[in-house]
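Student: I would like to learn to read a protein model. Can we go through one together?

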Amino acid sequence: DKTQGLEVKRQRLADLYHVSDFVAKAPTLDVLAQGFARRVRHITHADACAVRWCDEGNQRYHLLASDGLAEPVARNEACVNTGSCHCGQVSAEAGTRVIPIAPTQRLPLPHCADAGYRTVLSVPVRLQERVLGEVDLFFRAPIQLSDEDRELLDTLASHLASAMEGLRAAALEREAAVAEERNLLAQELHDSIAQSLAFMK
C-alpha cells in the first residue's frame, strides 16, 4: 500500500512538472489552451476536455480549445452565458465541482447529455480572486474525486491562469512598443515636413 501510494504521488508530481513546463513555454494563447486541454485530459483519463475563457464581466464563457469533445457540444456551446448550464460558473460561486448528468434531466443546453456524457468535472481558472475561465472535463461514467486529485487540478488550473496572464501582459507590452514606435515616426515625419516648409518659405 505504501509503495502504491508513493507511486501515485510520484506520478502526480511528474504530471504537475510536465504541465508546468509546457505552460511556461507556450508561445500563444491557442497553443497554450490546446496543449493544456490535451495534457489534462490524459492525466485525468477524461473522455473529453474543454478550456473556456470568460469575459471581463463574467457574462459569457468562450470555448478556447477542446480535446476529444463531441462535435455537437463544441459547435453549440462555443459561447455559453454564465450560469445557463453546468459549464460557465458565476465567479462568486466558482469552485471545483463534480456534476452528475442524468439522461432524463431537463437542461437548458442538453448537448452534453445527448453526447452521452454522464459527469462533468468543472475546475475554475482563477488568478487571485479573479476568474479567468474554467476547465471542463467530461466523462461517460460517474467518477469520484479524491482530495489529492482536487488539489492537483486546482494547482494545474492556477498554472494555466498565470500563463494566460503572462501572455496577456506580453501582448500589452508589444502593443505599447508598437504605439511608441508609431509616435516616434509621426514626430520625425512632422519635424521633417516642418523643416521643409520653413526652408521653402
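Tutor: Here are some questions and answers on the model above. This is a predicted model, where local features need pLDDT of at least 70 and side-chain atom pairs count only at pLDDT 80 or more, while totals for chains, interfaces and linings use all residues. Residues are numbered from 1 along each chain as its sequence is written, and side-chain values use heavy atoms, with hydrogens and water left out.

Student: Which element of the chain has the lowest mean pLDDT?

Tutor: pLDDT is the predictor's confidence in each residue, from 0 to 100. The chain averages 84, and 89% of the residues score at least 70. Helix 2 (residues 29–44) has the highest mean, 93. The lowest mean, 77, belongs to helix 5 (residues 147–200).

Student: What share of the residues is buried?

Tutor: Buried means under 20% relative accessible area, exposed over 50%, and partly exposed in between (1.4 Å probe, protein chains only). The chain has 201 residues. The buried share is 36%.

Student: Is Val-19 buried or exposed?

Tutor: Val-19 is found in helix 1. Contact means heavy atoms within 4.5 Å. Not counting residues up to four places away in sequence, Val-19 touches Phe-36, Arg-39, Ile-43 and Leu-156. Its relative accessibility is 2%, so Val-19 counts as buried.

Student: How does Asp-47 count by relative accessibility?

Tutor: Asp-47 lies in the loop between helix 2 and strand 1 (48–54). Leaving aside neighbours within four places in sequence, its contacts include Arg-41, Tyr-117 and Phe-138. Its relative accessibility is 30%, so Asp-47 counts as partly exposed.

Student: What is the distance in space between Asp-47 and Asp-67, C-alpha to C-alpha?

Tutor: Asp-67 is among the contacts of Asp-47. In sequence, the two are 20 residues apart. In space, C-alpha to C-alpha, the distance is 8.7 Å.

Student: Which helix gives the most to the lining of the largest cavity?

Tutor: On a 1 Å grid over the protein atoms alone, a cavity is a set of points where a 1.4 Å probe fits but cannot get out; lining residues have an atom within 4 Å of a point. The largest cavity has a volume of about 30 Å³. Helix 2 and helix 5 each supply at least two residues of its lining. The most, three residues, comes from helix 5.

Student: Into which class do the residues lining that cavity fall?

Tutor: Ala, Val, Leu, Ile, Met, Phe, Trp, Tyr, Cys and Pro count as nonpolar, Asp, Glu, Lys and Arg as charged, and the others, Gly among them, as polar. The lining includes Phe-36, Val-40 and Leu-153. It has no polar and no charged residues; its seven residues are nonpolar.

Student: Where does the largest share of the lining of the second largest pocket come from?

Tutor: A pocket is an open set with protein on both sides within 12 Å along at least five of seven lines. The second largest pocket is lined by 15 residues, with Ile-43, Thr-44, His-45, Asp-149 and Leu-152 nearest its centre. Helix 1 (2–25), helix 2 and helix 5 each give two or more residues. The largest share, four residues, comes from helix 1.

Definitions and conventions: Points joined across faces, edges and corners; volume = space filled by probe spheres on them.
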